[in-house]
Amino acid sequence: MAASHRNGAVDTIRTLSLIGICLVNMPFLGLSTEQAMSPPPALLDRSAAFAVEALFQMKFFLLFSFLFGWGMHIQDLAAQKAGVAFAGRYGRRLAGLALLGILHGVLVFTGDILLLYAVAGLLIWPARGLPPRRLLQLAAAMIPLAVVLTLALLLIPAGPGGVPPTAGLGDSYSAALAVRLRDWPPTVLMLMLLQGPLVLAAFAAGLAAARTTFLTPGSAGRQRLAAAQPVLLAIGVPLNLLYAATTSGMAAVADGWPALLAVTSITLGAPALAAVYLHLILRLSDRMTLPPLLERAGRNSLSAYVLQGVLAGFVFGGYGLGLFGQVGQAGLAVIGLLVAVAAMLIVGVLAGRLGRGPLEILLRRITYGAAG
């Protein structure tokens, strides 16, 4: 039995994921690369970085990816109902997503995930007809690949010039644009290798969930997920704490292989903790519904996600408040929460007036043509 076309749990997952993603992205929007990748000197900032990296980093984008796979099956059902070929619609949607990702990466934030989603969506296409069990096996197979690629990236030595300066992100918009144009290509490649396998794993898991009754309260899939919580916690909690303690500077880890393995542990710990979050969010959605404004924001998460970067640009850029490089990790966490909420409220209002978010309208036009 297929999942229903509209499930309130989906909007709840998207809404909470928007907050988590914004908190993770904020240091890369408001700090230079050197600042963002170095342990903060102040204890309060180290504590904030530790909390974000342990609880949020690489978890909520996996929940977003899970919903992308889920949505692929829902869109397939809609195409079947309309009596049209799904391949054409899906191809146009991926092309539109790739275009938006390129524009977002160059104009707003080099850490864009939309282009990665478009590429991963193309790669998952041959597996769309696999039964749920095989899809879950495919998802599991991606995790060792993620471990290997992450470790390989960590072992690649930096170039002779080191990390390129990113201070221009705090200057005029034209200066920030020049920095993004320079940094976007290598950033895309790094994200493809670092996050690509885990995105594919989450796509496959979401596609498997959509082809069953997983999101329905009391489903067999949710019962199995609930039963797996002790194991997932036993894996996810220590590995995420180890990763966060290492990267935030809260704990001293010996250089060399101990540090490399500590950082690589996120590729195992993040999926485990993301699965725990999925279980908790589904339980939460069984007991409560979001306010309509936030529900509309979750339903139009593409617009909300891009607007987060636009708002952050005005907070940190020289063409706005000019706070780039001047706020510590603790302050960035507060700003990230405010930016996430502001973006969701704005998109919720716009969607209430327009019927959908602005970018959702554009993507539907690309996908379905004028009739969309």
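Biologist: Leaving aside its neighbours within four places in sequence, which residues is Y117 in contact with?

Modeller: This is a predicted model: local features need pLDDT of at least 70, side-chain atom pairs count only at pLDDT 80 or more, and totals for chains, interfaces and linings use all residues. Residues are numbered from 1 along each chain as its sequence is written, and side-chain values use heavy atoms, with hydrogens and water left out. Contact means heavy atoms within 4.5 Å. With neighbours within four places in sequence set aside, the partners of Y117 are F61, F64, S65, F68, L97, V199 and F203.

Biologist: How many residues apart are F60 and Y277, the two members of an aromatic pair?

Modeller: Rings of Phe, Tyr and Trp (its six-membered ring) pair if their centres lie within 6.5 Å; planes under 30 degrees apart count as stacked, over 60 as edge-to-face and the rest as tilted. The whole structure has eleven aromatic pairs. F60 with Y277 is stacked, at 5.2 Å centre to centre and 25° between the planes. F60 is in helix α4 (residues 60–82) and Y277 in helix α12 (residues 266–287), a separation of 217 residues.

Biologist: Are F66 and F214 buried or exposed?

Modeller: These two rings form an edge-to-face pair, 6.2 Å centre to centre with 65° between the planes. F66 belongs to helix α4 and F214 to the loop between α8 and α9 (220–227), 148 residues apart. Both F66 and F214 are buried.

Biologist: Which residues is S219 in contact with, leaving aside its neighbours within four places in sequence?

Modeller: S219 lies in the loop between α8 and α9. Because its relative accessibility is 6%, S219 counts as buried. Beyond the neighbours within four places in sequence, S219 touches T213 and F214.

Biologist: What does the buried side of α3 pack against?

Modeller: The expected span of a helix is 1.5 Å times one less than its number of residues. The 13 residues of α3 (residues 43–55) should therefore span 18 Å, which agrees with the 18 Å between its end C-alpha atoms. In α3, D45, A48, A49, V52, E53 and A54 are buried. These buried residues pack against α1 (8–30), α10 (229–248), α12 and α15 (329–354).

Biologist: Which residue with a positive phi follows α10?

Modeller: α10 has 20 residues and reaches 27 Å from its first C-alpha to its last, close to the 28 Å expected. Among its buried residues are L232, G236, N240 and Y243, and what covers the buried residues of α10 includes α3, α9, α11 (257–264) and α12. With phi near 85°, the residue that follows is G249.

Biologist: How far apart are the closest N and O atoms of R299 and D11?

Modeller: A salt bridge is a side-chain nitrogen of Lys or Arg within 4 Å of a carboxyl oxygen of Asp or Glu, and the structure holds five. R299 counts as partly exposed because its relative accessibility is 37%. D11 counts as buried because its relative accessibility is 1%. In the salt bridge between R299 and D11, the closest N and O atoms are apart by 3.6 Å.

Biologist: How far is the charged end of R128 from the centre of the ring of W125?

Modeller: A charge sits over a ring if NZ of Lys or CZ of Arg is within 6 Å of the ring centre and within 35 degrees of the ring normal. The charged end of R128 sits over the ring of W125, and its distance from the ring centre is 3.7 Å.

Terms used
Helices (H or I, at least four residues) and strands (E, at least two) are DSSP runs, numbered from the N terminus. Buried means under 20% relative accessible area, exposed over 50%, partly exposed in between (1.4 Å probe, protein chains only).
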